[in-house]
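Subject: Model for your files

Hello,

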Amino acid sequence: MGVIAQREFINLFKGIKSIIIVAILLVTAYYSAKFSNFFLLDASMEFTPKEAEDIHLFGLLVLILLFGQLFVMGLSHDSINRETHERTSRFLVTRTSRASIILGKFFGIWLFWFVCVTIAFLLTSIFSKKFDVFIFSQTMSLLTFQIALTILLSVLISRPGVTMFLGVILGIAAPIFGFWIEFTQNAWVSWIKFLTPYYYLSREDATFLLILLMAGIMIVIANLIFQRREC
Amino acid sequence: MVAIETKELNKSYGGVPVVKGIDLTVEQGEIFGFLGRNGAGKSTFINMLTGIIPPTSGDYSLLGVKGPNDQVKKRIGVMPDYSTLYGSLTAVDHLKFLSALSGKKVTKEQCLQVLKLVGLESHVHKKAGKYSFGMKKKLGIAQAIIHDPELIFLDEPTSGLDAESVLQIHTLIKALQKRGKTIFMTSHNLAEVEKLCTRIGIMKEGQIVKIGTMDELRAFYRSTMTVQLKHSTIPTGEQRTLYQWLESVGRDLVIEDTNLSITIDDEKKIAEMIRGFNRCKTDIYRVEVKEPTLEEIFLDED
């Protein structure tokens, strides 16, 4: 598992896509920190004292909320199905367990995002003189969910081209749907909000940890499917 | 000790059986060759044993451990029939990564040694994406043996290689056997199997139809021969008696006018048949005995 995670982690740092995404994260972190006071002075925007205190970090959280799925899918949509499509997975399944492959891929991607988000938060903390562990944990839990969903889709769908297309659609549609379901008054569909991570992120308590549980369930399902998959 | 043991191993696709209840035992230190036509089920069988595809039913064990088992995977080496290498990795990177995955870290020098054994020493820094088919095949063999496994699966290891490379791989396989390794290989190359394998299994339509050493298989097929006779017209009264008697001597009797073909198990029966024809007042003009060729032994359809 460690070898696969290490390879996945290193591979993610190679290539132009990841450089762009890391740059976007860093630029967002920098400017959200730099212009946080500008938002606070804008009378048309109302913030709670807590929100005002953490305003410099909201830029990052909002970025991950809106584009996180798109970023994660863009980079890792083919993490599993590329291997099965090109049959390099044969080298993996003949050497290690299928669960190790799924977990190795998951942790490799997770570690990449952990490093990127940590750097972005550290950069922000230079301006704010503070590292908000709560928002950092919320951001990482959301990313964990998005990574698990990406792995699940990559196992479910065997063609990398399809997951790429689906990644773009899902990356755009998921946050829109998530916010709509969060605020809709329609009783027939509003229960779905409990299945999305957005609901738990809007609460300022530890319920966001349920997002990790949802991610865990998706990884278990991905593993069960992959156990029966031909490589 | 038994290296491979399968019991009633089956694989079906959409209800269509591809591998049908195979029972097989391969002892440690053997080079076991698996022969059969395309689509006979050889690769499906090897893929089940190596964990690439899950069996539909049945059991198997590798090196005494019931599979699929993660610990035993570290003790086996697999060269799949078809696989793309990681295009961005060099040969040394491949070997280091895949060996680490098998739980064994290797040095660059160890990688170079193995690459030399397969004849890839002059291409170690080239990325695998730029390799030719033959070079990919060689790297496929190298990655199967880099972690010094006890049991090695080679699915058509020399197909597509030039004569010199084939010889190099044959030498390597023999050397591996001398070091006590068990090798399970499939091949279309009859001469290769004859040269290398201690035991051979012939697969047809998902089943092993023949199994044994090369000598055992030859002996079996040599005892079967087809005799073709050209004879004079058989007197009307004798025809029925002669044909009935011939059917008791051999099998697959085919009669066309004054030509006759029959399969017998013992060459002594040829003289017996000639005497039988004489008793029925029929002359023999020509006798042709057709023994199976080497190719027919392996690709026998009956």
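**Strands, domains and the interface**

In chain B, strand E9 (residues 199-204) and strand E10 (residues 207-212) form an antiparallel pair over five bridges. Please note that this is a predicted model. Within that pair, B:Met203 has B:Ile208 of E10(B) as its bridge partner. The hairpin of E9(B) and E10(B) has two residues between the strands, and B:Glu205 takes a positive phi there, near 50°.

Chain B also contains an open sheet of four strands, in the order E2-E1-E4-E5, with antiparallel pairing. Strand E2 (16-27) and strand E5 (65-66) of chain B each have a single partner strand and stand at the edges, so one side of each is left without a neighbour in the sheet. Strand E1 (residues 2-13) of chain B pairs with strand E4 (residues 57-62) of chain B in the antiparallel sense, again over five bridges. In this pairing B:Glu5 stands opposite B:Ser61 of E4(B). As a general point, strands of a sheet pair through backbone hydrogen bonds, either parallel or antiparallel.

On domains, the assignment for chain B gives domain 1 as 2-219 and domain 2 as 224-298. The C-alpha centres of domain 1 and domain 2 of chain B are 45 Å apart.

Now the interface. Contact between the chains involves 21 residues of chain A and 30 residues of chain B. The area buried between chain A and chain B is about 2300 Å², and carbon and sulfur atoms give 57% of that.

How many salt bridges are counted between chain A and chain B? The count is one. The salt bridge is formed by A:Glu230 and B:Lys11, whose closest N and O atoms are 3.5 Å apart. Twelve residue pairs are in polar contact across the interface of chain A and chain B, with both residues at pLDDT 80 or more.

On the side of chain A that touches chain B, helix H1 (2-13) and helix H7 (89-93) of chain A each supply at least two residues. H7(A) gives the most to that side, with four residues. By class, the side of chain A that touches chain B holds ten charged, six nonpolar and five polar residues.

Regards

Conventions: Residues numbered from 1 in each chain as written. Chains lettered and ligands numbered in written order. Predicted model: local features only at pLDDT ≥ 70, side-chain atom pairs only at ≥ 80, totals over all residues. Heavy atoms only, no water. Pairing = 2+ DSSP bridges. Domains from an automatic or database assignment. Contact = heavy atoms within 4.5 Å. Buried area = accessible area lost by both parts, 1.4 Å probe. Salt bridge = Lys/Arg side-chain N within 4 Å of Asp/Glu carboxyl O. Polar contact = N/O pair within 3.5 Å; in protein donor to acceptor, adjacent residues only side chain to side chain. Nonpolar A, V, L, I, M, F, W, Y, C, P; charged D, E, K, R; others polar.
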